[in-house]
Amino acid sequence: MLPKIKKVLRFSIISTNIVALILYMLACLVPFINSGKSWFIAMLGLVFPLMFFVILGFLIYWLIRKSKWAFVCFAALLLSLQQLLVVFGFHFNKKFNDSKAPETLRVLTWNLSMWGESNTAHNGKFDYQDDMIDVIKKTNADVLCFQEYLYYKESKYRDSIVPSLKESGYRYSYFVKTYNNKRIYHTSILTAMVIISKYPIVDTAHFYFTEEDYSEPFIYADIKTNSNTVRIFSTRLESVRFENRDYTALRKLKEPGKESFFQTRAIAYKLRNAYKVRATEAHKIKQKIKESPFPAIVCGDFNDVPNSYTYFTIKDDLQDAFLKKGTGFGRTFRFISPTLRIDYILADKNFDVKQFTKIKVPFSDHYPIIADFNFPKK
């Protein structure tokens, strides 16, 4: 009887390992398959880090058992090296140096979530603007890229720099509001894409991806420093548009029941639609980056993970500041999973990335990230 149990157990383990390997290798194909056409495979990219640890666990198990299956697991991990190298930051966690050299350009990007408005219902506050401005000022960044910037229709200050930022040396700005945003529940409020700079802005442009009821623009500003000009891009790609009930459903996925099934199907539908839109947006952004006559720095909320078709399309031959100086998963979205790095600072490969950091503050749904660059040598 015992030999039969062992045989069944071994068969179950091998079968599970094979299924895990198939899913893992499909996830490795995510960067190379248009997510608009193969959204199911694109969704596997979300759980790639988890599947990595599953395969690693099988590898350790088979090594202990001295089985040839260990070679299969090792080969799978080896084939996934390109994906692993964009998911993890393999640097020691060094303290960010607040002071910077004269020839260094410090860039900050932050999805403000309307100054954290969505995070204030529980305490009666309208927003965290004052708290977030204090965080921004302390970074001493030269360029600020904001997504989901609160934009008041009726206010004369809607496209002006916040006074306390202007007092800190931020004199130049470029504001572009979202296209016909009907989703915001305050009729007098929109959001905007914003670039703010201590250095002069000599040229600007913006592009809308679509003309739907909610479309974030893709913008750039050419910034003139003492002896260099750099093109700063900022964007926020198509969101999954999760609502509170969707986040609740994600936390209850393990609970059986008919209601959970329909909620899960609704979540999958939203993910599918977002993947299709982002694939198109990524190609448009890539083209605009290639057209830049100046070294480019690309900032923003891509709403997608590093081992995704979106990320690889936009990144192309740019360098990722987090991968150059960051540590671990580099999570930038505060909810759902500790592996969600969806905000990025990418730069022309001729820039020298000096340091990178993330500021863990609870005001927005996203964490602000900062990178220091030295300009390319002429």
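These legends accompany close-up views of a predicted model.

**View 1. Strand β9 is enclosed by the rest of the structure.** Strand β9 covers residues 296–301. Six of its six residues are buried, so the strand is largely enclosed by the rest of the structure. In a regular strand, side chains alternate between the two faces of the sheet. Both faces of β9 are covered. Ala296, Val298 and Gly300 are buried on one side. Ile297, Cys299 and Asp301 are buried on the other.

**View 2. Strand β9 pairs with β8 and with β12.** Strand β8 spans residues 229–236 and pairs with β9 in the parallel sense. Six bridges link β8 and β9. Strand β12, residues 343–347, runs antiparallel to β9. Five bridges join β12 and β9. Valine 298 takes part in both pairings: it is the bridge partner of phenylalanine 233, and it stands opposite leucine 346 in β12. Valine 298 is also one of the buried residues of β9.

View 3. Helix α7 comprises residues 129–139. Met132, Ile133, Val135, Ile136 and Thr139 are buried. They cover an arc of only 160° around the axis, which puts them on the same side of α7. An α-helix has 3.6 residues a turn, so residues three or four places apart point the same way. Asp130 and Lys138 are exposed on the other side of α7. Asparagine 140 follows the helix. The phi of asparagine 140 is positive, near 60°.

**View 4. Val47, Leu50 and Val54 make a nonpolar surface patch.** The patch made by Val47, Leu50 and Val54 has an area of about 240 Å². Valine 54 lies in helix α3, residues 48–65. Its relative accessible area is 36%. That value falls between the 20% limit for buried and the 50% limit for exposed, so valine 54 counts as partly exposed.

View 5. Aspartate 320 is found in strand β10, residues 319–320. Its relative accessible area is 3%. Buried means under 20%, so aspartate 320 qualifies as buried. The side chain of aspartate 320 makes a polar contact with the side chain of tyrosine 311, at 2.7 Å. The aspartate 320 side chain also reaches the backbone nitrogen of phenylalanine 322, at 2.9 Å.

Definitions and conventions
Residues numbered from 1 in each chain as written. Predicted model: local features only at pLDDT ≥ 70, side-chain atom pairs only at ≥ 80, totals over all residues. Heavy atoms only, no water. Buried < 20%, exposed > 50% of the residue type's maximum accessible area, 1.4 Å probe, protein only. Helix = DSSP H or I, 4+ residues; strand = E, 2+ residues; numbered from the N terminus. Pairing = 2+ DSSP bridges. Arc of directions from axis to C-beta. Patch = residues over 30% accessible without salt bridge, like charges linked within 9 Å, V, L, I, M, F, W, Y side chains within 5 Å. Areas by Shrake-Rupley, 256 points an atom, 1.4 Å probe, with all protein chains shown as cover. Salt bridge = Lys/Arg side-chain N within 4 Å of Asp/Glu carboxyl O. Polar contact = N/O pair within 3.5 Å; in protein donor to acceptor, adjacent residues only side chain to side chain.
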